[in-house]
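Please look through the model below before reading on. My notes follow as numbered points.

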Amino acid sequence: MTLPLPLGFAWLEVTGRCNLECTHCYADSSPRGTHGIMTCTDWKDTISQLAVMGTRDVQFIGGEPLLYPHIEELIVHARMAGLTVEVFSNLTTVPDHLWQMFVEHDVRLATSYYSDTAADHDAVTARKGSHARTRAGIQRAQELGLTLRGGVIQVRPEQRTLQAQQDLNELGLTVVGADRWRAFGRAGQGAAPTMADLCGHCADGKVAIGPDGDVWPCVLGRFISLGNVKDFPIEDIWSGPATRRARSEIQAAHRNLPAQNCTPPQFLPMCGPCSPCVPSVGHCDPRVADGPAATIGSPAGD
């Protein structure tokens with residue numbers, strides 16, 4: 001009998017609510033989103049199961065995970081269970097007690113940054129003032145000595161992505177990734193996603209768990225159901241037939257080709273290099289801006 005792959009990493013998408021409404025959001029989150037039906041107890045039980053399975057790292061994501069009312073309790077629970085924790089936040093709304101908790105529990109942070117100019121950044125987030133608040137959050141994290149990585153996503157042809165990366169470097173960030181928009185969620189503008197649009201590493205040592213308990217191969221692969229943690233233990237889902245079938249179908253969609261190097265993914269820290277660029281992107285160099293007509297899909301992505 002073949003032993004299941006170890007599950008090393010899990011995205012915990014604790015909410016679909018966000019104070020921003022980015023034009024390319026793969027999760028289609030917004031102020032109208034909800035926290036789903038997973039209770040705090042459900043999340044803590046799932047986190048404990050992951051720790052028992054030997055999972056090493058979790059990333060709290062959304063939506064804006066800091067809007068989830070029990071986020072502090074969940075982060076502390078995960079750290080006490082021995083997991084490394086990263087929080088992917090837009091850093092626009094971080095109360096003082098959470099900054100203190102991040103320091104006390106050695107929480108890592110990640111954020112998206114779209115331009116060195118407010119007008120450019122705010123055009124992506126659809127919220128005036130978001131650039132100033134995110135930049136202030138980055139500076140606060142640096143002052144506190146927190147581990148913070150940044151990511152720049154090319155969303156608009158005229159976007160100042162190179163300057164955004166340089167600005168993050170000047171703010172003191174040493175890890176700055178880059179990516180292109182991906183045609184999922186709002187980015188797809190109604191187009192149905194396919195397995196060929198995924199990078200090919202989904203369910204390869206990692207899964208995502210959504211606000212309603214649904215388990216997906218990754219945060220972009222939410223159209224592929226592996227099970228639900230409210231119905232079955234995560235270990236059973238991970239080693240179950242739906243996960244094995246999804247892994248096989250994803251690999252087949254990529255013709256079982258070995259992965260090739262391309263732009264490192266900025267918001268998927270545990271993913272390996274992408275296989276040949278997915279159809280929604282066409283190429284993987286965020287330094288080259290394509291207009292909507294130059295690629296398959298439409299301008300969007302996480």
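1. A polar contact is a pair of N or O atoms within 3.5 Å; within protein, one must be able to donate a hydrogen and the other to accept it. Keep that cut-off in mind for what follows. Note too that this model is predicted.

2. Start with arginine 17. Its place is the loop between β1 (9–13) and α1 (40–53). Its relative accessibility is 31%, so arginine 17 counts as partly exposed. The side chain of arginine 17 reaches the backbone oxygen of glycine 33 at 3.0 Å.

3. Now its surroundings. Proline 31 is 14 residues from arginine 17 in sequence, yet their C-alpha atoms are 5.4 Å apart in space. Arginine 17 also touches other residues, including Ser30, His35, Glu64 and Leu67.

4. Turn to helix α5, residues 130–143. Its 14 residues should span 20 Å at 1.5 Å a residue, and the end C-alpha atoms are 20 Å apart, which agrees. Just after α5, glycine 145 has a positive phi of about 75°.

5. Which residues of α5 are buried? They are Ser130, His131, Thr134, Gly137, Ile138 and Ala141. Seen down the helix axis, these buried residues fall within an arc of 130°, so they line one face of α5. They pack against α3 (96–104), β4 (108–112), α4 (118–125), β5 and α6 (161–170).

6. Finish in strand β5 (residues 148–154), where glutamine 154 lies. Is glutamine 154 buried or exposed? Its relative accessible area is 2%, so glutamine 154 is buried. A polar atom of its side chain lies 2.6 Å from the backbone oxygen of arginine 156. The side chains of glutamine 154 and threonine 161 are joined by a polar contact of 3.0 Å.

How values were computed. Residues numbered from 1 in each chain as written. Predicted model: local features only at pLDDT ≥ 70, side-chain atom pairs only at ≥ 80, totals over all residues. Heavy atoms only, no water. Helix = DSSP H or I, 4+ residues; strand = E, 2+ residues; numbered from the N terminus. Buried < 20%, exposed > 50% of the residue type's maximum accessible area, 1.4 Å probe, protein only. Expected span 1.5 Å × (residues − 1). Arc of directions from axis to C-beta. Contact = heavy atoms within 4.5 Å. Lists of a residue's contacts leave out its neighbours within four places in sequence.
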